[in-house]
Amino acid sequence: MKVRQGWYLPCLVWGVLALPPLRYALELSMVTHMLVQLPALAFLGWWLGQTLPEEFKRKIAPWNRWGITGMVLVVVTVLYWMLPRALDAAISEPAFEMIKFITVPLFIGTALNLSWFQLSSIAQGVLKLEFWAMFMRLGWLYMVLPDRLCANYLLGEQRILGRALLILGSIWAASWTLRILFGVRWRKPRLLAPSSSLPEKK
């Protein structure tokens, strides 16, 4: 079983993100922790999924029929790492930090890569809507709650994160509106396209 060339690049970037200087810098702020480090780790997992051999994908296919198993894993992992208590634990306890650097790339990024393009268009739409709603709900909660939810971050950072989530959610909604009403389609980067063995559903 041969792994496609290029697998070492996401692993190298993963190692750089795990090194103390950059890791500490990104975790210093609640905003960069949730909106930079976690998405970067998930993207590295997606990237790694693009390099997996076709033989491996065929072997796990019976366990991930229609992408359901993988997407359940993605949703559960995303929900966990969006919890303030999980962010606190990742900073305060080295074991949880290690778990974060393993589960976010593999259980979110790689699982999403192996599952997303197997879903029907309706299932993709429902999940997109739910993730958008989660962004807006969390953003609103972080904005209006009078007490800080993370022991390691100040209340001001929490409210900045709330505003950022609401802004990102609004941009996301605007892009959907443009696509639905005017047929505007953004060009998809090659790395985000489905692999040859998993054709994208129309």
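Student: Which helix does Phe 135 lie in?
Tutor: Phe 135 sits in helix 8, residues 121-144. Helices here are DSSP runs of H or I, at least four residues long, numbered from the N terminus. This is a predicted model: local features need pLDDT of at least 70, side-chain atom pairs count only at pLDDT 80 or more, and totals for chains, interfaces and linings use all residues. Residues are numbered from 1 along each chain as its sequence is written, and side-chain values use heavy atoms, with hydrogens and water left out.

Student: What does Phe 135 touch, not counting residues up to four places away in sequence?
Tutor: Leu 165, Leu 168 and Gly 169. Contact means heavy atoms within 4.5 Å. Take Leu 168: 33 residues from Phe 135 in sequence, yet 7.9 Å away in space, C-alpha to C-alpha.

Student: Switching to rings. How many aromatic pairs are there?
Tutor: The structure holds 7. Rings of Phe, Tyr and Trp (its six-membered ring) pair if their centres lie within 6.5 Å; planes under 30 degrees apart are stacked, over 60 edge-to-face, and the rest tilted. One of the pairs is Trp 14 with Phe 101, edge-to-face, 6.1 Å centre to centre and 80° between the planes.

Student: Is Phe 101 buried or exposed?
Tutor: Phe 101 is buried, at 5% relative accessible area. Trp 14 is partly exposed, at 33%. Buried means under 20%, exposed over 50%, partly exposed in between, with a 1.4 Å probe and protein chains only.

Student: And what about Trp 172 and Trp 176, how do they pair?
Tutor: Tilted: 5.3 Å centre to centre, 55° between the planes. Both lie in helix 9 (residues 155-182), 4 residues apart, about one turn of the helix. Trp 172 is partly exposed at 26%, and Trp 176 is partly exposed at 23%. Ring pairs also link these two with Trp 132 and Phe 135 into a cluster.

Student: New topic. How many residues has the largest nonpolar core?
Tutor: 34, and Met 30, Val 78 and Tyr 142 are among those with the most contacts inside it. Such a core is a set of buried Ala, Val, Leu, Ile, Met, Phe, Trp, Tyr and Cys residues joined through side-chain atoms within 4.5 Å.

Student: Which helix gives the most to this core?
Tutor: Helix 3, with 8 residues.

Technical notes:
Helices (H or I, at least four residues) and strands (E, at least two) are DSSP runs, numbered from the N terminus.
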